[in-house]
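Me: Got a model here that I'd like to talk through. Can you take my questions as they come?

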Amino acid sequence: MITDAQIRYLKKIVDSEFDIDILSKSRKNYYVNARLIYTYILRSRGVGLVRIAKSLDKNHATILYLANNAPFYFKQDPELESRYLLCKRMFESHYSPILEYTFRIVKSLCKLRF
């Protein structure tokens with residue numbers, strides 16, 4: 001489960017990578033791309049649409065659109081994909097998804113009986 005501190009940390013990573021504030025209301029392409037990367041990273045880590053939407057002060061439908069269409073945008077724009085991979089690597093180097101698993105989650109994933 002991702003904490004609010006982790007969400008704020010990812011926001012700082014994306015803000016610094018794009019040199020903008022993703023909470024801005026601007027619809028310029030680089031703002032939208034920054035929000036797309038932020039959304040896709042959080043969504044791939046299992047964060048809910050409503051929670052991501054609240055963190056960006058957006059509607060959950062906007063988040064759903066961004067999350068569903070991110071792979072297509074990455075295929076069309078290799079530079080955007082490289083920025084995504086950089087942000088993801090920076091975030092996961094500090095907050096590794098594997099280290100956050102509890103014993104109960106690992107047990108259920110492996111379906112082991114102890």
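Me: Where is D19?
Reply: D19 sits in the loop between α1 and α2; helices here are DSSP runs of H or I with at least four residues, strands are E runs of at least two, and both are numbered from the N terminus. This is a predicted model, where local features need pLDDT of at least 70, side-chain atom pairs count only at pLDDT 80 or more, and totals for chains, interfaces and linings use all residues. Residues are numbered from 1 along each chain as its sequence is written, and side-chain values use heavy atoms, with hydrogens and water left out.

Me: What's the phi of D19?
Reply: About 55 degrees, so positive, although D19 is not a glycine. D19 counts as exposed at 69% relative accessibility (exposed is over 50% relative accessible area, buried under 20%, partly exposed in between, with a 1.4 Å probe and protein chains only).

Me: And D57, what's its phi?
Reply: Near 60 degrees, a positive value in a residue other than glycine. D57 lies in the loop between α3 and α4 and is exposed, with a relative accessible area of 56%.

Me: OK, switching to the fold. How many helices and strands?
Reply: Six helices and zero strands. Buried residues make up 34% of the 114 residues in the chain.

Me: Which residues touch the most others in the largest nonpolar core?
Reply: V14, I37, Y38 and L42, out of 29 residues in that core. A nonpolar core here is a set of buried Ala, Val, Leu, Ile, Met, Phe, Trp, Tyr and Cys residues joined through side-chain atoms within 4.5 Å.

Me: Which helix gives the most to this core?
Reply: α2, with seven residues. At least two residues each come from α1 (4-18), α2 (29-44), α3 (49-56), α4 (60-76) and α5 (78-94).

Me: What does L42 touch?
Reply: Leaving out residues up to four places away in sequence, L42 touches I2, I7, L10, V47 and I52. Contact means heavy atoms within 4.5 Å.

Me: Now the helix pair: at what angle do α1 and α5 cross?
Reply: Roughly 140 degrees, with the axes coming within 10 Å. Axes are lines fitted to C-alpha atoms, for helices over the stretch in contact, and angles run from 0 to 180 degrees between N-to-C directions.

Me: Which residues meet there?
Reply: Q6, Y9, L10, I13, V14, E17 and F18 in α1 meet L80, R83, L86, C87, M90, F91 and H94 in α5. They divide into ten nonpolar, two polar and two charged (Ala, Val, Leu, Ile, Met, Phe, Trp, Tyr, Cys and Pro count as nonpolar, Asp, Glu, Lys and Arg as charged, the others, Gly among them, as polar).
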